[in-house]
Amino acid sequence: MILKGKRGIIFGALDEKSIAWKVAEKAHAEGATFVLTNAPIALRLGSIAKLAQSTNSQIVPADVTKNEDIENLITQSVEILGGKIDFVLHSVGMSMNIRKGKAYTDLDYENMHKTLDISAISFHRVMQECMKQDAINEWGSVVALSYIAAQRVFPDYNEMGDTKAFLESIARSFGYHYGKAKKVRVNTISQSPTITTAGSGVKGFEGFYEYAEKMSPLGNASSEDCANYCITLFSDYTRMVTMQNLFHDGGFSFTGVSYEVVNGAH
Ligand SMILES: NC(=O)c1ccc[n+]([C@@H]2O[C@H](COP(=O)([O-])OP(=O)(O)OC[C@H]3O[C@@H](n4cnc5c(N)ncnc54)[C@H](O)[C@@H]3O)[C@@H](O)[C@H]2O)c1
C-alpha cells in the first residue's frame, strides 16, 4: 500500500493494453484514489468505463490540446478526490503524420503541429494549469512516458522521435521550476516497445519490438513492469528523483550489441 492516501490523475487509459490502464490497476491496488481522463472520442471508442468501475474512480473527459478542458479537469479532480493531487501520469501520444502514412522527409506541418500539441506541449499545459491552480501537493510526482527515439534514430518512428525529445526537455525545464516553487518532481520514463494501440500504429513495430527483445539483456519491459515503475515514482521512496529521463527497457539503452543480434545477422 505504498500509495495509501495519495490522489492522482491518470491520462491515457484507452483499453486493457494501455500502459495507463495497468498503472491505474496498480495504483488502485496500492491504495491510491484517482480520476481517469481521456479525449472525448477515446471515451466513446475505448473501454475506460470498465476500468473506472473496477478501480472505483470517476472519469473526466479532456482533450489535452484544449486549455479549457485541462482547466476543468484539474478543478474537478481536486473536488472529486477531496483535496490536492499527489501524482499525475501523462500517458498520451499520437502522431498525425504516422497515422496518415507520411514519411519523415515528406511531413505535413499542420499534422506535425497537432502531433507536438497532443504528445508534448500537452505535458507543459497540464503542469502549467496544475501550478496555476496550486493543485499538486509538495513532493508530488508527475510522470510522462517516452521512448528512446528521443536520443537515437528509429526511421519509422518518424516525427515522434522529435516529439519525444521535446517531451523529455519539458520534463527537465518544468521540473526545475516546479521543484523550486513547490518541491514537485517531474520525470519521463523511457519504456521498451510495448504492444498497445499507439505502439502498434507505428510502421514496422513488430520488427523493432523483436529487435529490442534480442538487444535487451532482460528482454523487453512489459506494460505491467512499466506500471510498477510508475508506482515507485509516485511513492515517497523516490522523493529526490526529478528532471530525469529514466530508461525502463531491460537494458536496451546501454547495450551496444547482443549475441542474439550478431548470431541472427548471418
Ligand atoms: N507502446 C509503446 O511501444 C510505447 C513505448 C514507449 C512509450 N510509449 C508511450 O506511452 C504512452 C501511452 O501509450 P500506449 O502505448 O499505452 O498506447 P495507448 O494508445 O493505449 O495510449 C495513448 C493514449 O493517448 C490518448 N490520446 C490521444 N490523443 C489525445 C488527446 N487529444 N487528448 C487526450 N488523450 C489523447 C489516447 O486516447 C490513448 O488513450 C504514449 O506517450 C506513448 O508514446 C509507448
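Predicted model: local features only at pLDDT ≥ 70, side-chain atom pairs only at ≥ 80, totals over all residues.
Residues are numbered from 1 along each chain as its sequence is written.

Let me begin with the whole chain. It holds 11 helices and seven strands, where helices (H or I, at least four residues) and strands (E, at least two) are DSSP runs numbered from the N terminus. The radius of gyration of the chain is 18 Å, close to the 18 Å that the globule rule gives for 266 residues, so the chain is as compact as a globular protein of that length; this radius is taken over C-alpha atoms, and the rule is 2.2 Å times the number of residues to the power 0.38. Of the 266 residues, 45% count as buried, and by buried I mean that 20 or more other C-beta atoms lie within 10 Å of the residue's own, whereas exposed means 12 or fewer, partly exposed means in between, and C-beta atoms are placed from the backbone.

Now to the sheet. In general, strands of a sheet pair through backbone hydrogen bonds, either parallel or antiparallel. Here we have an open sheet of seven strands in the order 3-2-1-4-5-6-7, with parallel pairing, and two strands count as paired if DSSP finds at least two bridges between them. Strand 3 (58-59) and strand 7 (245-248) are the edge strands, each pairing on one side only.

Strand 4, residues 85-90, is joined to strand 5 by five bridges and to strand 1 by three, again running parallel. Is strand 4 mostly covered or uncovered? It is mostly covered, since six of its six residues are buried.

Although Phe 247 and Ile 189 are 58 residues apart in sequence, their C-alpha atoms are 5.9 Å apart in space.

Next, helix 1. Eight of the 11 residues of helix 1 are buried, so this helix is largely enclosed by the rest of the structure; among the buried ones are Ile 19, Trp 21 and Lys 22. After helix 1 comes Gly 31, with a positive phi near 95°.

Finally, the ligand. Which residues come nearest to it? Of the 26 residues around the ligand, they are Ser 18, Ala 42, Gly 93, Ala 198 and Gly 199, where near means that the C-beta atom, placed from the backbone, lies within 6 Å. Two or more residues of this shell are given by each of helix 1 (19-29), strand 5 (136-146) and helix 8 (197-200), and helix 8 gives the most, with three. By class, the shell has 13 nonpolar, 12 polar and one charged residues, with Ala, Val, Leu, Ile, Met, Phe, Trp, Tyr, Cys and Pro taken as nonpolar, Asp, Glu, Lys and Arg as charged, and the others, Gly among them, as polar.
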